[in-house]
Amino acid sequence: MRLSRIIMALTVGLAVVAVPTAAGAAQPQPAPSATTDPPQPPPYPPTAASLTVNRPTIFLGETVVLTGTGFGPNETVDIAVTVAPLAAPAAGQAPARRSDGTTVAMAPVAFQASAPLTFTATTDAQGRFTKSYKPSVTGQLTFTATGRESGRTASTELRVLHRKQPLPVTGDSIGTPIKLGGGLVGAGAIMLLLTLAWRRRQRFGGAAH
């Protein structure tokens, strides 16, 4: 009887000790902290496209070279050209000047084109292209290039001027040479008459002696 009670007491004690251990094992383990994960590198930014011209200002009839970089490899690039009138008189087009110092205003250049022009270029394996372009109008030209596959776009500007023209000859400019020439002719005629008179005087004076 006594042995049975001892065995029962030991069994109950073992059960009491085992319950907390099982409860602790049943609890969920905490997830690993996010701070322990290695930081992810930021995404690499895409290459920006660019478009340039070899000369920012040209005269009508000259050719420029467009250079594009940063576009997709071996893709077609659409280039649109818009034209705006020049905001100020073209450089080198000074007003005509009269002989008295006054000036004659030159007529402004009319706007010659309203619709944009378009053409295409093809890039190489590095996304680069060059394209020659000869404007047919004067004004402030804006080139906008857009890659068909990459969607990248870039723009640049070009100033196209009329060639420098010789200054027009005004009425006053013509009158001045005519007046000067007339004066020289008159002076020459007077000198000729004086020379003839002197020779005649010398001739008749010598005969009298």
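Buried means under 20% relative accessible area, exposed means over 50%, and partly exposed lies in between, computed with a 1.4 Å probe and protein chains only. The structure is a predicted model, in which local features need pLDDT of at least 70 and side-chain atom pairs count only at pLDDT 80 or more, whereas totals for chains, interfaces and linings use all residues. Residues are numbered from 1 along each chain as its sequence is written, and side-chain values use heavy atoms, with hydrogens and water left out.

**Exercise 1. State which secondary-structure elements the chain has and in what order they run.**

Solution. 
Step 1. Elements are DSSP runs numbered from the N terminus: helices (H or I) of at least four residues and strands (E) of at least two.
Step 2. Under this rule the chain has two helices and ten strands.
Step 3. The order from the N terminus is α-β-β-β-β-β-β-β-β-β-β-α.
Step 4. As for burial, 19% of the 209 residues count as buried.
Step 5. Contact means heavy atoms within 4.5 Å. Among contacts with a separation of 6 or more, 71% are between residues 24 or more positions apart.

**Exercise 2. Determine the strand order of the open sheet of three strands and identify its edges.**

Solution. 
Step 1. Two strands pair if DSSP finds at least two bridges between them.
Step 2. The order of this sheet is 1-3-8, and the pairing is antiparallel.
Step 3. Strand 1 and strand 8 each have a single partner strand, so they stand at the edges and one side of each is left without a neighbour in the sheet.
Step 4. From one strand to the next, the twist averages 20 degrees; axes are lines fitted to C-alpha atoms (for helices over the stretch in contact), and angles run from 0 to 180 degrees between N-to-C directions.
Step 5. Strand 1 and strand 3 are joined by four bridges. Val53 has Leu66 as its bridge partner in strand 3, and Thr52 stands opposite Thr67.

**Exercise 3. Describe the open sheet of five strands.**

Solution. 
Step 1. The order is 2-10-9-4-7, with mixed pairing.
Step 2. Strand 2 (57-59) and strand 7 are the edge strands, each pairing on one side only.
Step 3. The twist from one strand to the next averages 30 degrees.
Step 4. Eight bridges join strand 9 to strand 10 in the antiparallel sense; Gln140 stands opposite Arg159 in strand 10.

**Exercise 4. Identify the composition of the largest nonpolar core.**

Solution. 
Step 1. A nonpolar core is a set of buried Ala, Val, Leu, Ile, Met, Phe, Trp, Tyr and Cys residues joined through side-chain atoms within 4.5 Å.
Step 2. The largest such core has 22 residues, and those with the most contacts inside it are Ile79, Phe129, Tyr133, Leu141 and Phe143.
Step 3. Elements that give two or more residues include strand 1 (50-53), strand 3 (64-69), strand 8 (129-133) and strand 9 (139-147).
Step 4. Strand 4 gives the largest share, four residues.
Step 5. Leaving aside neighbours within four places in sequence, the contacts of Phe129 include Leu51, Leu66, Phe71, Val77, Ile79 and Ala145.

**Exercise 5. Classify the aromatic pairs that involve Tyr133.**

Solution. 
Step 1. Rings of Phe, Tyr and Trp (its six-membered ring) pair if their centres lie within 6.5 Å; planes under 30 degrees apart count as stacked, over 60 as edge-to-face and the rest as tilted.
Step 2. The structure holds three aromatic pairs.
Step 3. Phe119 and Tyr133 have ring centres 5.1 Å apart and planes at 15 degrees, so the pair is stacked.
Step 4. Phe119 is in strand 7 and Tyr133 in strand 8, so this pair ties together parts 14 residues apart in sequence.
Step 5. Tyr133 and Phe143 are edge-to-face, at 5.2 Å centre to centre and 90 degrees between the planes.
Step 6. Since Tyr133 lies in strand 8 and Phe143 in strand 9, the second pair ties together parts that are ten residues apart in sequence.
Step 7. Tyr133 counts as buried at 11% relative accessibility, and Phe143 is buried with a relative accessible area of 0%.
Step 8. Phe119, Tyr133 and Phe143 form one aromatic cluster.
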